[in-house]
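Visitor: Please show me the model, and then let us go through some questions about it.

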Amino acid sequence: MPQPTPHPDPPPAALRRAPVQRRSAQRLARILDACAEVLEESGYEDLSTRAVAGRAGVPIGSVYRFFPNKRAMAEALARRNLDAYADRITARLTAPAHTPLRWRHAMDVVVDEYLAMKRTVPGFALVEFTVPAPSASRQANYEVADRLLALFAGPLGLDAADERLRTAFLVGVETADALLQLAFRTDPAGDPALVAETKLLLRAYLARYLDTAGAGEE
């Protein structure tokens, strides 16, 4: 029997206080938008709660109401990025023109939407789905893998609790992450040849699991 894939302990909640009113939620969104802009311009090391407050046009106390420090603020931005990434994939795969869902096409969309965010979303190149720290990076890929499996489980008829599939998705995410980072080190826009090879590798590796599961066979 396959053993469960060990997951690191989840990170602590980034928010000190969740917004309740619409006005508070809008202020939080403005703070995270400002955080992304400051990251884009100055990098993580020079990110500060004071700089973000100034960019967002709010008192610094408003920032501290939600976040104890810059790391927590960046973690919240990373989680928002992951939510946005899942939403983008869902929107692509549920468009009226796309039926039925085929897993190979779905994996191409997973890569394409990551590339689109990398190229266009402020701050994403520095804070994708985690803050710049090795231990956090490992945790983030577990979260991305589980989110993708949950996203595809229903449409593709997969068991999201199947440990072999969870491991396979984790391996796919880790591998694609390493190759796409290489693609952007090679070319600031993402080297097309390395992107193409990443898609081929994902298809070849996941076919062993998803073709067997009958997940939208082509």
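Visitor: What volume does the largest pocket have?
Guide: This is a predicted model, in which local features need pLDDT of at least 70, side-chain atom pairs count only at pLDDT 80 or more, and totals for chains, interfaces and linings use all residues. Residues are numbered from 1 along each chain as its sequence is written, and side-chain values use heavy atoms, without hydrogens and water. A pocket is an open set of points on a 1 Å grid over the protein atoms alone, where a 1.4 Å probe fits, with protein on both sides within 12 Å along at least five of seven lines. Counted as the space filled by probe spheres set on the points, the largest pocket has about 470 Å³.

Visitor: Which helix gives the most to the lining of the largest pocket?
Guide: Lining residues have an atom within 4 Å of a point, and the largest pocket has 28 of them, with Tyr114, Glu128, Phe129, Asn141 and Asp177 nearest its centre. Helices are DSSP runs (H or I, at least four residues), numbered from the N terminus. At least two lining residues come from each of helix 5, helix 6 (134–156), helix 7 (163–186) and helix 8. With eight residues, the most is given by helix 7.

Visitor: At what angle do helix 5 and helix 8 pack?
Guide: Axes are lines fitted to C-alpha atoms over the stretch in contact (heavy atoms within 4.5 Å), and angles run from 0 to 180 degrees between N-to-C directions. For helix 5 (residues 103–120) and helix 8 (residues 192–210), the axes are 10 Å apart and the angle is about 140°.

Visitor: What average pLDDT does the protein have?
Guide: pLDDT is the predictor's confidence in each residue, from 0 to 100. At least 70 is scored by 85% of the residues, and the average is 88.
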